[in-house]
Amino acid sequence: MLETGYLKFGGDVLPNQYNFAGLGATGNGEHGNSFSSVRIGIRAHIQHLKCYASKESLNKELVDPRWSDSSRGKAPNVEKLQGTWATSNTYASSIKRILNELI
């Protein structure tokens, strides 16, 4: 929800990219990666989270173009996403705010 503005987009990533995590979008008009469908875009997002959160194997074929063995297990919790997944120094608190809203 944070990356897409609650699926309103409006930033560098365009809705027809099916890139709900903003993978590869680094700002300044860089649109980032595009995926062939909603299903593949969501799978790439989940795979990217899994890459950062653990060192477990994937259950499905790799579709995340940003999967990197050097990123494996770097962020086992939300706080560790800050500075690794995103450069914002308020990234973790923003994610936690959204989680609290959902609860």
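Student: Does Lys96 count as buried, partly exposed or exposed?
Tutor: This is a predicted model. Buried means under 20% relative accessible area and exposed means over 50%. Lys96 has 36% relative accessibility, so the residue counts as partly exposed.

Student: Which residue forms a salt bridge with Lys96?
Tutor: The structure holds two salt bridges. In one of them, the closest N and O atoms are 2.2 Å apart. This pair links distant parts of the chain, with Lys96 in helix H3 and its partner in helix H2, 17 residues apart. The partner of Lys96 is Glu79.

Student: What separates Arg97 and Glu101 along helix H3?
Tutor: The side chains of Arg97 and Glu101 meet in a salt bridge at 3.2 Å, N to O. Arg97 is partly exposed at 41% relative accessibility, and Glu101 is partly exposed at 48%. Because the two residues are four apart in helix H3, their separation is about one helical turn.

Student: Why is the pair of Phe9 and Phe20 called tilted?
Tutor: The structure holds two aromatic pairs. Planes under 30 degrees apart count as stacked and those over 60 as edge-to-face, with the rest as tilted. The ring centres of Phe9 and Phe20 are 6.3 Å apart, and the pair is tilted because the planes stand at 50°.

Student: How many residues apart in sequence are the parts that Tyr52 and Trp85 tie together?
Tutor: Tyr52 and Trp85 form an edge-to-face aromatic pair, 5.5 Å centre to centre, with 65° between the planes. Tyr52 is buried at 8% relative accessible area, and Trp85 counts as buried at 15%. Tyr52 lies in helix H1 and Trp85 in the loop between helices H2 and H3, so the parts they tie together are apart in sequence by 33 residues.

Key
Residues are numbered from 1 along each chain as its sequence is written. This is a predicted model: local features need pLDDT of at least 70, side-chain atom pairs count only at pLDDT 80 or more; totals for chains, interfaces and linings use all residues. Side-chain values use heavy atoms; hydrogens and water are left out. Rings of Phe, Tyr and Trp (its six-membered ring) pair if their centres lie within 6.5 Å; planes under 30 degrees apart count as stacked, over 60 as edge-to-face and the rest as tilted. Buried means under 20% relative accessible area, exposed over 50%, partly exposed in between (1.4 Å probe, protein chains only). A salt bridge is a side-chain nitrogen of Lys or Arg within 4 Å of a carboxyl oxygen of Asp or Glu.
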